[in-house]
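Hi,

Here is the structure I promised to pass on. Please open it next to this note; my findings follow below.

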Amino acid sequence: LLSEGGLGAAAAILSRGDLLADVALYDGPALVLCGVEDRVTPPDVCRPVAEAFPGGRPFRLIDKAGHASYIDAPDVFTRHIIDFEETLTD
């Protein structure tokens, strides 16, 4: 877990960046996952990230999950990763 100071440092780094502009430059594989109950990066913030990639990228919501959806709903999170990975190897 991040310490209180570490969380502040991470937030400062993110606040200085332009994620949407950065992802618009990336044309590789990506999957955007978001917990329905995420209050740190809620769905209305995550969906535009998926859409900002050239041609868009898959966006999946995970029910009954917050920011740490891999902890809140590990089976669903993992299934999304496996399904996405399978699209890359077909």
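A search of the whole structure, which is a predicted model, turns up two aromatic pairs. Take Y26 and F53: their ring centres sit 6.0 Å apart with the planes at 75°, so this pair is edge-to-face. Y26 lies in the loop between helix 2 (19-23) and strand 1, while F53 lies in the loop between helix 3 and strand 2 (59-62), so the pair ties together parts that are 27 residues apart in sequence. Y26 is partly exposed at 37% relative accessibility. F53 is buried, at 8%.

Then there is Y70 with F77. The ring centres of Y70 and F77 are 6.0 Å apart and the planes stand at 65°, so this pair is edge-to-face too. Y70 is partly exposed, with a relative accessible area of 48%. F77 is partly exposed as well, at 21%.

Now the chain overall. It has five helices and two strands, in the order α-α-β-α-β-α-α. Of its 90 residues, 26% are buried. Among contacts with a separation of 6 or more, 61% come from residues 24 or more positions apart. The accessible surface is about 6,400 Å², and carbon and sulfur atoms hold 59% of that.

V40 sits between strand 1 (32-35) and helix 3 (43-52). Is V40 buried or exposed? It is exposed, because its relative accessible area is 59% and the cut-off is over 50%.

Best wishes

Definitions and conventions:
Residues numbered from 1 in each chain as written. Predicted model: local features only at pLDDT ≥ 70, side-chain atom pairs only at ≥ 80, totals over all residues. Heavy atoms only, no water. Helix = DSSP H or I, 4+ residues; strand = E, 2+ residues; numbered from the N terminus. Buried < 20%, exposed > 50% of the residue type's maximum accessible area, 1.4 Å probe, protein only. Contact = heavy atoms within 4.5 Å. Areas by Shrake-Rupley, 256 points an atom, 1.4 Å probe, with all protein chains shown as cover. Phe/Tyr/Trp six-rings, centres within 6.5 Å; stacked < 30°, edge-to-face > 60°.
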